[in-house]
Amino acid sequence: MTENPTPEAPAERDLARHAVPDPLRDDVRLLGGLLGQVIAESSGEGLLADVEKLRELAIRAHEARDAEGPAALDQAMELVESFSLERAEQVARAFTCYFHLANLAEEHHRVRVLRQRQAQSLTEDDSLSKAVQQLASEVGEDEALRRVQALEFRPVLTAHPTEARRPAVSGAVRRISDLLTERDHSQLGGTTQAESDRALLAQIDALWRTSLIRASKPQVLDEVAAALEVFDATMFETFPRVYHRLDDFLAGPDAGRREPLARPFVSLGSWIGGDRDGNPNVTADVTRAAAALASEHAVRALEASARDVADRLSLHDGSTPPSEELLALRQRQAQRDTGLSAAADADAPGETHRAALLVIAARLAATQERNADLQYGSPDELEADLVTVQASLVAAGAPRVAYGSLQRLLWQVQTFGFHLAELEVRQHSQVHAAALEDIAANGVHGSLEPRTREVLDTFRAIGAVQQRYGIKAARRYIVSFTQAPEHLEAVYQLAEHAFGDGADAPVIDAIPLFETFDDLENSVEILEAALAFPAVQRRLAETDRRIEVMLGYSDSSKDVGPVAATLALHSAQERIARWAERNELTLTLFHGRGGALGRGGGPANRAVLAQPPGSVDGRFKLTEQGEVILARYGDPVIAERHIEEVAAATLLQASPSVEKRNAEATRAFAELASRLDATSRARFHELVKADGFPQWFAQVTPLEEVGLLNIGSRPAKRGLSVNSLDDLRAIPWVFAWSQARINLAGWFGLGTALAQAGDLDELQRAYREWPLFTTLLDNIEMSLAKSDEHIAERYLALGDRDDLAQMVLDEMRLTREWVLKVTGSAWPLERRRVLGRAVQLRSPYVDALSLIQVRSLAALRRGADDAAVDQLRHVLLLTVSGVSAGLQNTG
């Protein structure tokens, strides 16, 4: 499978092809060619011929969209219909493997480019250092430094959706990526070239033979383990590397010779093992186990880091004499365990600093083993020991040693502690209400419903986690569908019921999650009433009046459509920020942004810069969902870049120039916003509130089949069938539309709103001057680029509602027309070279998989024989995995 240019390629695809850098093109051709060789060797030349024929027909159909598009696509469909189910499965496997390899090549090239820029000391325009420079020019260097040192970036890992690809597939892809890296770093020729090709062929052959879809659902702790793999691979070392680079900029020539000016600003959170809203598999026992697993990884990583630092501290006492404080620390270490301390002295004779670190590492090992005599009681105790060693090195005239690898270890302790990530609990407000009713009727010690007992056990689990790993390990409790102040009060009431006399009761911060349009509109009133609760007042006093509010992007979008939801969220942030300022509260807004655009996803740094004044103020917290975790943090170079981009935007969002621009644009375009809101919402409701819409939606998309794909521990629906959109979670809502190549969740309603606004000059001015509108249109442009009208028609034909199908197609055409008018583009993503070229070149390959999926879906909808149902579903689920890889998003 290779990328072969064709003479009749139209301008957009031809330009996209020419925009591909030669190294990336070479990698894709290499991997595609080797995959073709593997397919021919393992399954025969006939299969490779079928794959190539479908690929060529799909490309021809895609390139002839305006002229003979449907007819050309019919030819490709005829070929797909001619395949046996076995052949369809093999062809789908081939395209899915190709996408995994193409994704690998693109990520590999991105890393290659970032490394080249670092080597040449080229600074990105949106880098953290550029942001600090701009901020200093506006507010002065002292104030800029204060803001930098108060900066907070808090990514929260969530398991839904997990990647559509299996961990075994991810492992195979990683091994191929490693071989590609080796190939880059070697001067290949002759035997070396042949060895590299053989190694790549072996791994691609293994990928080809690996089942591409899960046989069973992952357990919650499997999802925890997957996130911890990313911590082990990148996060532990990457976060302090970002801090070091920031300090190099802040301190200039003094960097490494003085106490760092940079402070650790990334605080990791996790919902994996804590989020029980609609997931019965997350129990109190699972929450305890998730916290234990995370702690095990954190402490083990700290021990390894401490031993690494000890290996580097080969400074003799003669040249670097220990301070009195360090000698006192060594004495305390000896008193705690004479034998251990003596062994450290024997390993490091005359090297007191190193001996102290060896004992520190041993105590970290004891902490893992829960050795009461040797273990650290808290990360604060560990940090104090490390600071003593560091201060001694500085006093002895060795600041570069003190602020080198030892500083990295200190930052790791300050960032991850012994808990690694704060485990946040989430539960639905109605579950709490039902539990309180049950307790009121039967008493805490009476015959309670199992769910009520589980709610109480959850609070006891939080208490156990805090006792073992500290308050920072788990204190935030998210209340889904907060629709009244009493929903927050219920959390504190239930905590009291769980602990009775208050002994060992945990510290709890109840955090409202406003999700629906009405909840966003009522958010300030709910918050104002909640301030009166004694438990809330007590926590505000203990936290220096810090408060957190979470905003849900996906349910609000499913409720009123993507345009109205975006505007409602922006308005809610404005009002909540003003409310917090009036009440002298330090506010953190927690953004529940999904990975896909229909769930509030998209580039986080651009979204930050578009937020209203006062809503960020140097603090940004968001969910990092499913496949996004690997995409943003799976490679250390990409992870560093992502953290810097978001941190830079978080700093700049509160700069006078950005705040002024956002405030003026909000005022200038308020009337336009009102019209876009009302018109888009009415159009969205015209579709989703039509009689029979939920059932029709399930007909024309692989919604039910997506629920069979074992990509996460959470159920896809709240009930057994989809009788209303309230039954459906946001993930399959977005996922199903993206599989049907419609992406309706990301754009529906905008075309009508723009057309009725009518004034193209005003809309183009808004696109230039109103950051929120710019971000909205850019994200919708991306959704449209991943949509396909001709493929969509084939999915919509599976239903029995021509009126709804026509409404969707009309709105898709209208939205595309007006978005291109406003942005001044000839086709979606024309101005975004990197993303645009990737989407343009991938689309025909995704089309091929979509046609196989439509064929399987049509057979299932017609009522296939029982004997064929399982095989049809297997083929369909394979295409779901492949389309996800091709579009690079699930839900």
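Modeller: Let us start with Ser-825, which is buried, as its relative accessible area is 10% (buried means under 20%, exposed over 50% and partly exposed in between, with a 1.4 Å probe and protein chains only). Before we go on, this is a predicted model, where local features need pLDDT of at least 70 and side-chain atom pairs count only at pLDDT 80 or more, while totals for chains, interfaces and linings use all residues. Residues are numbered from 1 along each chain as its sequence is written, and side-chain values use heavy atoms, leaving out hydrogens and water.

Colleague: Thanks! With which side chain does the side chain of Ser-825 make a polar contact?

Modeller: Ser-825 sits in the loop between α39 and α40 (833-862); helices are DSSP runs of H or I with at least four residues, strands are E runs of at least two, and both are numbered from the N terminus. Ser-825 touches Glu-781, Leu-820, Glu-830 and Arg-831, not counting residues up to four places away in sequence (contact means heavy atoms within 4.5 Å). A polar contact is a pair of N or O atoms within 3.5 Å; within protein, one must be able to donate a hydrogen and the other to accept it, and residues adjacent in sequence count only if both atoms are side-chain atoms. At 2.8 Å, the partner of the Ser-825 side chain is the side chain of Arg-831.

Colleague: Are α30 and α39 roughly parallel or roughly antiparallel?

Modeller: Helix α30 (residues 670-688) and helix α39 (residues 802-823) pack with axes 10 Å apart, at an angle of about 150 degrees. Axes are lines fitted to C-alpha atoms, for helices over the stretch in contact, and angles run from 0 to 180 degrees between N-to-C directions. Angles under 35 degrees count as roughly parallel, over 145 as roughly antiparallel, 65 to 115 as roughly perpendicular and the rest as oblique. The angle therefore makes α30 and α39 roughly antiparallel.

Colleague: What phi does Arg-741 have?

Modeller: Most residues other than glycine have a negative phi. Arg-741 lies in the loop between α33 (730-739) and α34 (744-747), and is buried with a relative accessible area of 1%. Although Arg-741 is not a glycine, its phi is positive, about 65 degrees.

Colleague: How far apart are the C-alpha atoms of Val-156 and His-591?

Modeller: Val-156 belongs to strand β1 (residues 152-158) and is buried, with a relative accessible area of 1%. Val-156 and His-591 are 435 residues apart along the chain, and their C-alpha atoms are separated by 9.8 Å.
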